[in-house]
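Have the model open beside you as you read.

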Amino acid sequence: MQQQSRYTAYKNTSVQTADQRTLILMLYDGLLRFLQKSIVKMEAREIEAAHNYLVRSREIVAELLATLRPEKAGDIGNNLKRLYVYAFNKIVEANLRKDPEMVREVIKIVSTLREGWVNMKPAGAKEDGGRGEARHVNVRG
């Protein structure tokens, strides 16, 4: 039990001290993990578990939407907002229909977005002196 609490403390510290780019990547990773798990549960006909994973996925997309500042990011921000809203709505619909193909569509979108963030040059490091902005984000799996 003590090992688990050490892991949880480490995980919380790593999230609280991460820069914005790292936090976004962590959110994408959690989202992709939950979406994949929802497909497995749907295919196993474990409806309640699939529902729970889709709800968690939806919450991550809501967090991405809530932290997005399209007015500061221009066209890229507006396009991201549209993609997040689309993904959110697809997750809700997939949950209602228990349709793994809808979830796979969201996975493709999120994977592409994640790849873009991975390949992005960390321009923000120069703007804020490399400190990044610390926040607490719940990405329990």
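Predicted model: local features only at pLDDT ≥ 70, side-chain atom pairs only at ≥ 80, totals over all residues.

Residues are numbered from 1 along each chain as its sequence is written, and side-chain values use heavy atoms, with hydrogens and water left out.

The predictor's confidence in each residue is its pLDDT, on a scale from 0 to 100. For this protein chain the mean is 83, and 74% of the residues reach 70 or more. Two stretches to treat with care come next. Over residues 9-13 the pLDDT stays under 50, and the model has four contacts there beyond four places in sequence (contact means heavy atoms within 4.5 Å). Residues 127-140 are also below 50, and that stretch has 31 contacts in the model beyond near neighbours in sequence.

## Helix H2 from end to end

Helices here are DSSP runs of H or I with at least four residues, strands are runs of E with at least two, and both are numbered from the N terminus. Does the length of H2 agree or disagree with its residue count? At 1.5 Å a residue, its 24 residues should span 34 Å, and the end C-alpha atoms sit 35 Å apart, which agrees. The expected span is 1.5 Å times one less than the number of residues.

Now for the two ends. At the start of H2, a side-chain oxygen of Asp19 comes within 3.0 Å of the backbone nitrogen of Arg21. After H2 comes Arg45, with a positive phi near 65°.

## The nonpolar core

Nonpolar side chains tend to be buried together in soluble globular proteins. A nonpolar core here is a set of buried Ala, Val, Leu, Ile, Met, Phe, Trp, Tyr and Cys residues joined through side-chain atoms within 4.5 Å. Buried means under 20% relative accessible area, exposed over 50%, and partly exposed in between, with a 1.4 Å probe and protein chains only.

The largest such core has 30 residues, and those touching the most other members are Tyr28, Leu31, Leu35, Leu64, Tyr84, Ile91 and Val103. H2 (20-43), helix H3 (47-67), H4 and helix H5 (100-119) each put in at least two residues. Which helix gives the largest share of this core? That's H2, with 10 residues. For a close-up, pick Ile91: leaving out residues up to four places away in sequence, Ile91 touches Leu31, Leu35, Leu54, Ser57, Arg58, Val61 and Val106.

## Salt bridges

Side chains of opposite charge can pair when their charged atoms come close. A salt bridge is counted when a side-chain nitrogen of Lys or Arg is within 4 Å of a carboxyl oxygen of Asp or Glu. The whole structure has six of them. One joins Arg114 and Asp29 at 2.4 Å, N to O. Arg114 is partly exposed at 25% relative accessibility, and Asp29 is partly exposed at 30%.

Arg104 and Glu43 also meet in a salt bridge, at 2.6 Å, N to O. Arg104 lies in H5 and Glu43 in H2, so the pair ties together parts 61 residues apart in sequence. Arg104 and Glu43 belong to a salt-bridge network with Glu101. An α-helix has 3.6 residues a turn, so residues three or four places apart point the same way. Arg97 is exposed at 58% relative accessibility, while Glu93 is partly exposed at 26%.

Is Lys90 buried or exposed? Lys90 counts as buried, at 15% relative accessibility. Its place is in H4 (residues 70-97), and beyond neighbours within four places in sequence it contacts Met102, Glu105 and Val106.

Lys108, in H5, is exposed at 62%. Lys108 and Leu32 are 76 residues apart in sequence, with their C-alpha atoms 9.4 Å apart in space. Ala62, in H3, is partly exposed at 32%. Ala62 and Phe88 are 26 residues apart in sequence and 7.3 Å apart, C-alpha to C-alpha.

Conventions: Polar contact = N/O pair within 3.5 Å; in protein donor to acceptor, adjacent residues only side chain to side chain.
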